[in-house]
Amino acid sequence: MIAREEIRNVLDHPVFDGEGHKVGEAKHIFFDDVTGQPEWVTVKTGFFGTNESFVPIRDASMVEDHIEVPYAKDRIKGAPNVDVDSGGHLSESEEHRLYDYYGIDWGGVLEDDTSGGTGWAAGTGTSAAAAGTAAGTAPGVRPGEADTGYPAGRTGREAMTGSDEAMTRSEEQMHVGVERRETGRARLRKYVVTEEVETTVPVRREEVRVEREPITEANRDAALSGPEISEAEHEVVLHEERPVVETETVPVERVRLTADEHVEEETVRGQVRKERLEAEGVEPGHIGNEGHDDDNPPGPRRS
């Protein structure tokens with residue numbers, strides 16, 4: 001069900017059928033003269049919107065930026081032709097013919113209107129006929145309209161029209177950003193190991209050596225100072241050096257972990273959608289090439 005605030009969003013927006021196929025662009029919304037409820041949406045179909053078909057809007061829904069209707073594309077394109085420019089209203093016979101085509105019970109529609117509608121939000125038409133009473137107007141006929149002989153309130157529909165006849169071409173743009181995520185962790189740990197160290201140091205030691213010197217005039221007096229024959233003893237203390245090992249803790253360096261940032265170029269690929277415009281019956285060069293690439297030049301196609 002289309003809400004009141006969504007009515008303006010319907011115009012000039014895509015219309016898709018019940019199977020998700022694009023039918024065309026919504027151009028007009030027709031409202032009931034009595035209840036003000038939206039009853040019909042016209043869809044421009046064909047190349048460049050050359051055809052305009054009526055579709056019941058009561059079972060339609062607004063999905064994101066487009067409207068979806070529960071009818072097949074081929075059925076919508078084959079709807080009876082109605083002149084939407086003839087005063088901006090549908091006659092009862094035209095409306096009856098459309099309801100029959102879509103298999104909608106005409107009596108049920110009348111019953112909904114006379115019972116106050118089906119809960120749809122009322123909109124505002126673009127017809128010049130507004131509230132008020134004009135002298136000489138037939139009962140049940142709105143001011144400024146001729147009496148058509150149809151029951152009061154069923155004289156037609158008011159049309160809400162888009163701003164112009166231009167077609168909007170849109171395309172998607174790809175925006176690439178970056179995200180920061182954890183790729184790993186580095187840890188600095190200190191532990192103790194024992195190593196064998198070998199070094200060479202000089203050590204000294206004393207050894208006994210017997211020296212003999214002959215008696216000379218210089219040492220004769222010292223040699224004869226004692227008894228002629230006697231026993232004697234002389235002792236010499238010997239020394240030696242030995243290596244002594246001790247350890248001392250000294251600081252040798254400071255170590256820390258730091259993260260360096262490197263910038264690399266990466267190519268990102270994605271897919272974006274673009275709308276293309278194709279014209280039928282237009283001479284080459286009379287339509288701009290915006291939106292076309294060399295592989296898909298504009299040209300007439302028929303589906």
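1. Which side chain does D12 meet in a salt bridge? The partner is K27, with 2.5 Å from N to O. The model is a predicted one, and the distance is to be read as a value computed from that model.

2. K27 is buried, because its relative accessible area is 6% and the cut-off for buried is under 20%. D12 has a relative accessible area of 27%, so D12 counts as partly exposed, a class that lies between the 20% and 50% limits.

3. The structure holds 11 salt bridges. The D12 and K27 pair is one of them; two further pairs are taken up in the next two points.

4. R209 and E211 bring their side chains together in a salt bridge, at 2.9 Å from N to O. R209 has a relative accessible area of 63% and is therefore exposed. E211, at 59% relative accessibility, is also classed as exposed.

5. E182 and R185 form another salt bridge, in which the closest N and O atoms are 3.3 Å apart. Both E182 and R185 are exposed.

6. Helix α3 covers residues 92-101. Which of its residues are buried? They are E92, E94, E95, L98 and Y99. Viewed down the axis of α3, these buried residues fall within an arc of 160°, so they line one face of the helix. The list includes the glutamates E92, E94 and E95, along with L98 and Y99.

7. Just after α3 comes G103, which takes a positive phi of about 70°. A description of the end of this helix could mention G103 and its phi value.

8. The second largest pocket holds about 800 Å³ of space. Its lining consists of 15 residues, and those closest to the pocket centre are V178, E179, R180, R181 and H262.

9. What is the make-up of that lining, by nonpolar, polar and charged residues? Seven of the lining residues of the second largest pocket are charged, five are nonpolar and three are polar. Among the residues closest to the centre are E179, R180 and R181, which belong to the charged class.

Note on methods:
Residues are numbered from 1 along each chain as its sequence is written. This is a predicted model: local features need pLDDT of at least 70, side-chain atom pairs count only at pLDDT 80 or more; totals for chains, interfaces and linings use all residues. Side-chain values use heavy atoms; hydrogens and water are left out. On a 1 Å grid over the protein atoms alone, a cavity is a set of points where a 1.4 Å probe fits but cannot get out, and a pocket is an open set with protein on both sides within 12 Å along at least five of seven lines; lining residues have an atom within 4 Å of a point. Grid points are joined across faces, edges and corners, and a volume is the space filled by probe spheres set on the points. Buried means under 20% relative accessible area, exposed over 50%, partly exposed in between (1.4 Å probe, protein chains only). Helices (H or I, at least four residues) and strands (E, at least two) are DSSP runs, numbered from the N terminus. The arc is that of the directions from the helix axis to the C-beta atoms. A salt bridge is a side-chain nitrogen of Lys or Arg within 4 Å of a carboxyl oxygen of Asp or Glu.
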